[in-house]
Amino acid sequence: MNKSELLDWLLVEYQQWEAFLDQIGPARMDQGGVNGHWSIKDIVAHLTGWNRHLIARLHAAQRGEPEPPPPWPVHLQTEDEINGWIYESNRGCSVREVLDESHQVFQQLLAVIEGLPDEVRIDPVHQGGRVYLLVWLDGQRFPAGEFFDHFHDDHEPDVRAWLARVEKQ
């Protein structure tokens, strides 16, 4: 895969993501119980928080700099602790604020990918019937589609089940 194909893939995934969010609708984005007590808004904020960290790491690798500190407090070590921090940091934000930030962070991801050299190594990794795209920079690999991959793998089944329940009501 080349950089142009990666960008095209990201844009298609984003269009599908936006269509899915439109199907859910803004009025339902704050409803809890989608994934545990989380709402769609909480899931979007969660995905965006991790995507922001990926972008910072890509930027640093692109410039040959050491890995930057995460946006969360460094004493948080487990995914559950980090996810809790992301949740608390965004709990008071409106749906519109979370969606706008998610869109801005996605645009930043596109920009960092566009800034990569044309010959950047991008490996498709086949695992569990899915394909994951890894970008190699400075000897490190980065999951370029982490936002969408994580959603599809870990959140989409719960979101679709929740959506089916609320659409029956």
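## Terms and model

Helices (H or I, at least four residues) and strands (E, at least two) are DSSP runs, numbered from the N terminus. This is a predicted model, in which local features need pLDDT of at least 70, side-chain atom pairs count only at pLDDT 80 or more, and totals for chains, interfaces and linings use all residues. Residues are numbered from 1 along each chain as its sequence is written, and side-chain values use heavy atoms, with hydrogens and water left out.

## Salt bridges

A salt bridge is a side-chain nitrogen of Lys or Arg within 4 Å of a carboxyl oxygen of Asp or Glu. By this rule the count comes to 12.

One of them joins R160 and E156, at 2.8 Å from N to O. These two residues are four apart in helix α5, so about one helical turn separates them. E156 is buried (under 20% relative accessible area; exposed is over 50%, partly exposed in between; 1.4 Å probe, protein chains only), with a value of 14%. R160 is partly exposed at 41%.

D153 is partly exposed at 34%, and R130 is partly exposed at 22%.

Another salt bridge is formed by E67 and R57, with the closest N and O atoms 3.1 Å apart. E67 lies in the loop between α2 (40-62) and α3, and R57 lies in helix α2, so the pair ties together parts that are 10 residues apart in sequence. R57 is buried at 18%, whereas E67 is partly exposed at 47%.

## The hairpin

Strand β2 (residues 130-137) and strand β3 (residues 140-143) pair in the antiparallel sense over four bridges; two strands pair if DSSP finds at least two bridges between them. V135 has F142 in β3 as its bridge partner.

The two strands form a hairpin with two residues between them, and D138 in the turn has a positive phi of about 50°. G139 is in the loop between β2 and β3 and is exposed, at 69% relative accessibility. The C-alpha atoms of G139 and W9 are separated by 23 Å, and the residues are 130 apart along the chain.

## A helix residue at the surface

D80 is found in helix α3. D80 is exposed, with a relative accessible area of 65%.
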